[in-house]
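Please consult the sequence and the structure shown below while reading.

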Amino acid sequence: MSSNNVTNELNETQNNEITQLRNENAVLKDTVAELQMQLNWLKKQVFGKKSEKSCSLMNDADQLSMFSDGPSENTVVSNKEKTVTVPEHTRKARRTHDEWMNSLEVKEKLHKLDPEDLVCDKCGSEMKIIGTDKVRDELVYVPARYFIRRHMAEVAKCTKCGYDESQDSECEETMSNWVIHMSKNWGEPVMKAMKKEPLKSNVIHAGESPLTVLREKGRKATAESKMWVYCNGRIRDKSIVIFDYIETRKSEHPVNFLKGYAGYLRGGITLFLM
């Protein structure tokens with residue numbers, strides 16, 4: 001066999017294989033396109049928008065509808081609602097802020113007095129440490145836990161004259177104690193003297209207004225207290241207005257205030273004869 005004949009046969013064989021591969025490639029492309037269309041339709045059925053009715057795909061699992069998104073004659077529509085039984089359970093009440101703060105660990109940090117602060121400002125004598133006083137609380141966060149760092153300051157007292165340096169502290173608690181101390185020692189005697197004037201008049205006007213007091217010992221900040229107001233029956237040179245703070249609205253408070261009074265008591269638009 002001549003070389004030309006061999007070459008011609010090889011060329012013919014290659015051409016046949018190329019044609020066959022092209023045909024197979026075309027078939028595969030058509031198959032991939034059809035499968036892609038089916039996949040797109042299936043995605044639309046699963047993830048696309050649906051009506052409230054739930055539909056099965058097809059009774060025939062081997063044949064999918066390629067042209068209709070709605071139910072076909074082979075589609076089975078189910079309107080049966082599914083119910084789920086939820087077991088009863090109890091939920092623990094949330095803790096308040098105060099309860100949470102009270103449950104935290106407290107670590108005290110002591111601020112010591114400098115040696116020059118241990119000299120009495122009044123007589124110049126050496127002062128002695130008698131205890132500590134709370135300055136402030138800090139809420140400290142350490143990763144995964146909280147605790148309270150309480151700052152304490154040493155309090156010194158003169159061993160000679162008894163002078164206590166905490167009396168000169170400008171912290172809020174000390175200032176509040178000073179106000180209470182002054183009201184008891186100087187305010188109450190003045191009030192008792194002023195109280196005698198309204199009790200001499202024929203008519204006393206009285207009324208009460210609600211208010212709230214922050215950080216009142218033993219009471220919540222939202223607890224409602226009362227402020228009673230008493231004044232003379234007529235405005236004149238010796239008109240007296242007295243404010244009496246009480247924690248409740250019990251009648252015993254105005255009764256005690258007006259004890260011994262013989263006259264008319266006006267509360268709002270009502271007039272009472274005492």
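## Contacts around Ile240

Two residues are in contact when heavy atoms of theirs lie within 4.5 Å. In this predicted model, and with its neighbours within four places in sequence left aside, Ile240 is in contact with Met194, Glu197, Pro198, Tyr230, Cys231 and Asn232.

## Overall architecture

The chain contains four helices and 10 strands. Their order along the sequence is α-β-β-α-β-β-β-α-β-β-β-α-β-β. Of the contacts with a separation of 6 or more, 49% join residues 24 or more positions apart.

Buried residues account for 15% of the 274 residues. The chain has an accessible surface of about 22600 Å², and carbon and sulfur atoms contribute 53% of that surface.

In soluble globular proteins, nonpolar side chains tend to be buried together. Here the largest nonpolar core comprises 11 residues, among them Ile240, Tyr230, Trp228, Phe257 and Leu265. Two or more residues of this core come from each of β6 (203-212), β7 (224-232) and β8 (241-246).

A second, separate core has five residues, including Cys120, Met127, Cys158 and Tyr163.

## Cysteines

How many disulfides does the structure hold? The count is zero. For Cys123, the nearest cysteine sulfur is that of Cys158, 3.6 Å away. A disulfide requires sulfur atoms within 2.5 Å, so Cys123 is in no disulfide.

Notes:
Residues numbered from 1 in each chain as written. Predicted model: local features only at pLDDT ≥ 70, side-chain atom pairs only at ≥ 80, totals over all residues. Heavy atoms only, no water. Buried < 20%, exposed > 50% of the residue type's maximum accessible area, 1.4 Å probe, protein only. Areas by Shrake-Rupley, 256 points an atom, 1.4 Å probe, with all protein chains shown as cover. Core = buried A, V, L, I, M, F, W, Y, C linked by side-chain atoms within 4.5 Å.
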